[in-house]
Every structure is written in structure tokens, then in C-alpha cells.
Amino acid sequence: MSLYGVNVDAVALAAATAKSIIEIATPSTSRCWIKEWWIDFDGVTASAVPVLCEIGRFSAAVTTATSATPDTWNTGPASLMTCKVSTTVEGAGTRTAHSGWLRRIPPTSGFHYVAPEGRELLLPISAFFRIRLTAAAIVNATCGVIWLE
């Protein structure tokens, strides 16, 4: 198995507007395991409302995002996954129950999750993994995902 990753820096979040920051789509022939993900914010007001973070499988793909080429973290072949970053308009789809994480993270902080060995989130064939954020106030986000294929 090979490790791959994608990340994006300083994505502006509009107040009270959901925005998918990263999406990974599996093809109909392959699956992947989400090994780790992270979210950081650049807010400066300690009393600000935490950012709603939806991380996991979603029922549909985003359509208005920029394509991104995954980084290969070792000497493996090119990734088979399709990656998109920074939607301009939030796409269709809802987070699939029991398939990820729902967190509220202070906009002056961040969170880094590393799955214990053997407990990675499986992304089956023809599926979508997203990091979608909704902030109460304007803030910038830096996010990333590392997966196994």
C-alpha cells in the first residue's frame, strides 16, 4: 500500500456558509483508507463561536471545486483517487451517518486526527470523502488529508 495526501492553505470561510475544503472521490475500481486529517484556523478572537466541521463520507460529489493532484508520500504509483479543493458553491450531498466525525473546533485553534492502525475510515468504491466547514464568522482554514491505497 502507498500513502497519498492533499492539503490546502488559507481558504477563506464566509460567515454562516458551508464550504467543502477538500473532497476525495474513489473510482469504481478502487478504494482507500483515510489515515489522518487536520484542520487549522487563523482566528484571533478567543471568544468566537467554534467552527462546525463535518468530516467523512458524503452522499454526492461537489461540482464547483478546483482539481488537485495528490502528493505521493513514498515511491508508490500515482493515486487513483480524484481530489478537489475549495468549492466556490457548496455542492449536493449530506454526510453519511456513522461514517466520520462531527466536531466543533475553536477558530483560534486546530485539530489533527491520526487513525490508530487498523481503524482507518474505509472509503469504498464510487464514494466521496469531504472536509466541510461552517464558520459563524469570517476565518481562514488550512486542511489536509492523508490516505492509503
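Let's start at Ala10, which lies in strand β1, residues 3-13. Strands here are DSSP runs of E, at least two residues, numbered from the N terminus; helices are runs of H or I, at least four. Phi of Ala10 is near 55°, a positive value in a residue that is not glycine. Ala10 is partly exposed, at 46% relative accessible area. The cut-offs: buried is under 20%, exposed is over 50%, partly exposed is in between, with a 1.4 Å probe and protein chains only.

A word on the source. This is a predicted model: local features need pLDDT of at least 70, side-chain atom pairs count only at pLDDT 80 or more, and totals for chains, interfaces and linings use all residues. Residues are numbered from 1 along each chain as its sequence is written, and side-chain values use heavy atoms, without hydrogens and water.

Next, Ala16. Ala16 sits in the loop between β1 and β2 (18-25). Its phi is positive too, about 60°, and Ala16 is not a glycine. Ala16 is exposed, with a relative accessible area of 64%.

Now the whole chain. How many helices and strands does the protein chain have? There are 0 helices and 12 strands. Of its 149 residues, 44% count as buried.

Contacts next, meaning heavy atoms within 4.5 Å. Take those between residues at least 6 apart in sequence: 87% join residues at least 24 apart.

Last, the dimensions. The C-alpha trace spans about 45 × 30 × 30 Å along its principal axes.
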